Amino acid sequence: MYILATATTAFIFAFLAIKFFNPVAIEIGLVDKPCERKQHSGHIPLIGGISIFLAVLAASLLWLPNTLELRMYLIASAMMVFIGALDDKFDLRVRVRIVGQIIIASLMIYGVGGYISNLGNIFGFGEVTLGPLGIIFTYVGIIVVINAYNMIDGIDGLIGSLSINTFTSIAILFIMSGQTDYLSYPLILATATVPYLMYNLGFFEKFFNKECKKIFMGDAGSMFVGLSVIWLLTMGTQGEQASFRPITALWICAIPLMDMLAIVVRRYKNGKSPFKPDRDHLHHILQRAGLSSRQTLVAISTIAVIMSVIGLAGEYFQVAESVMLIGFLVMFIIYNLAIRHITK
């Protein structure tokens with residue numbers, strides 16, 4: 001009943017936030033306008049991320065224990081959403097966004113004194129402990145995951161579906177480990193994302209013949225999702241009471257990570273900035289290959305679920321971490337070869 005109450009609270013607050021901020025976003029110009037890179041029709045309110053954050057904030061304050069970790073997470077998330085909203089409105093320079101992400105990462109690392117210090121037995125020769133280097137590794141990890149989820153947001157339903165897949169997988173991992181004290185965190189995030197996904201995919205228009213203006217996640221949302229993912233993964237994989245192994249984290253957010261790494265390599269080879277927007281993401285390539293937007297969504301979401309299931313199965317059966325790492329690298333190679341073939 002407690003978990004049901006937290007999830008229901010998150011869903012209701014997210015829905016109400018969307019209803020409230022929809023006209024506000026249009027009034028203040030917080031909208032996504034069509035351009036050469038963004039091929040949609042009309043000005044779409046960028047309030048998905050704001051609604052999800054407010055729902056998470058409300059549910060957390062009402063139901064979750066008032067711990068230092070939660071307070072630091074909510075403060076860092078508020079800062080992330082604020083920076084993302086400024087980027088949505090004014091299109092901030094990459095340097096400004098990265099500096100903001102570093103400041104937020106510092107708040108999470110030093111605010112609670114936690115960082116990624118153990119990578120597990122990923123090479124088969126014993127535990128890989130990073131020591132002080134773990135702080136640098138955590139900075140890199142936070143920035144990579146935030147931008148991975150930010151960059152994957154390109155077609156209707158994609159960032160919402162991938163987010164729910166990741167948060168649900170983390171919840172399952174907490175259940176498998178018996179760490180049900182942490183279960184509410186990913187479930188709140190998952191259920192708070194559902195109303196956004198319903199609006200983004202036109203659920204109300206299709207099933208209820210009710211005109212509801214479409215909304216987008218915006219950078220405020222995608223970066224908030226990325227921050228939440230790396231926070232949950234760090235909380236779940238580190239410390240004496242770790243709920244799952246670090247290698248499993250790669251599998252449950254594989255698609256955003258693979259898409260980001262692949263496109264950064266391609267841009268570097270072509271002499272372009274890794275952060276320069278283009279139309280060479282996985283969803284763009286699949287659409288150029290002939291898939292519709294909805295078919296692309298189903299294809300990518302299905303692959304993401306399969307990757308998560310592999311990670312969950314590997315954790316459940318305690319498959320050697322070195323084997324899971326090799327498997328992930330093999331999947332990444334296959335992914336790149338498939339993308340090359342489809343592009344040709």
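Which helix supplies the largest share of the nonpolar patch? The answer is helix 1, with three residues. This is a predicted model, in which local features need pLDDT of at least 70, side-chain atom pairs count only at pLDDT 80 or more, and totals for chains, interfaces and linings use all residues. Residues are numbered from 1 along each chain as its sequence is written, and side-chain values use heavy atoms, with hydrogens and water left out.

**Nonpolar surface patch**

- The patch consists of Tyr-2, Ile-3, Phe-13, Leu-62 and Trp-63, which together have about 460 Å² of accessible area (Shrake-Rupley method, 1.4 Å probe, with only the protein chains shown counting as cover for residues).
- Patch residues have over 30% relative accessible area and no salt bridge; like charges are joined within 9 Å, and nonpolar side chains (Val, Leu, Ile, Met, Phe, Trp, Tyr) within 5 Å.
- A salt bridge is a side-chain nitrogen of Lys or Arg within 4 Å of a carboxyl oxygen of Asp or Glu.
- At least two patch residues come from each of helix 1 (2-28) and helix 2 (48-63); helices are DSSP runs of H or I with at least four residues, numbered from the N terminus.
- Tyr-2 belongs to helix 1 and is partly exposed, at 38% relative accessible area (buried is under 20%, exposed over 50%, partly exposed in between, with a 1.4 Å probe and protein chains only).

**Second largest pocket**

- This pocket holds about 680 Å³ of space, a volume being the space filled by probe spheres set on grid points that are joined across faces, edges and corners.
- A pocket is an open set of points on a 1 Å grid over the protein atoms alone, where a 1.4 Å probe fits, with protein on both sides within 12 Å along at least five of seven lines; lining residues have an atom within 4 Å of a point.
- Its lining has 25 residues, and Leu-119, Phe-137, Pro-246, Leu-250 and Leu-257 lie nearest the centre.
- Helix 5 gives the most to this lining, with five residues.
- The lining comprises 21 nonpolar, four polar and no charged residues (nonpolar: Ala, Val, Leu, Ile, Met, Phe, Trp, Tyr, Cys and Pro; charged: Asp, Glu, Lys and Arg; polar: the others, Gly among them).

**Loop residues**

- Most residues other than glycine have a negative phi.
- Asp-91, in the loop between helix 3 (68-90) and helix 4 (94-112), has a positive phi near 55 degrees and is exposed, at 62% relative accessible area.
- Gln-318, in the loop between helix 13 (293-316) and helix 14, also has a positive phi, of about 55 degrees.
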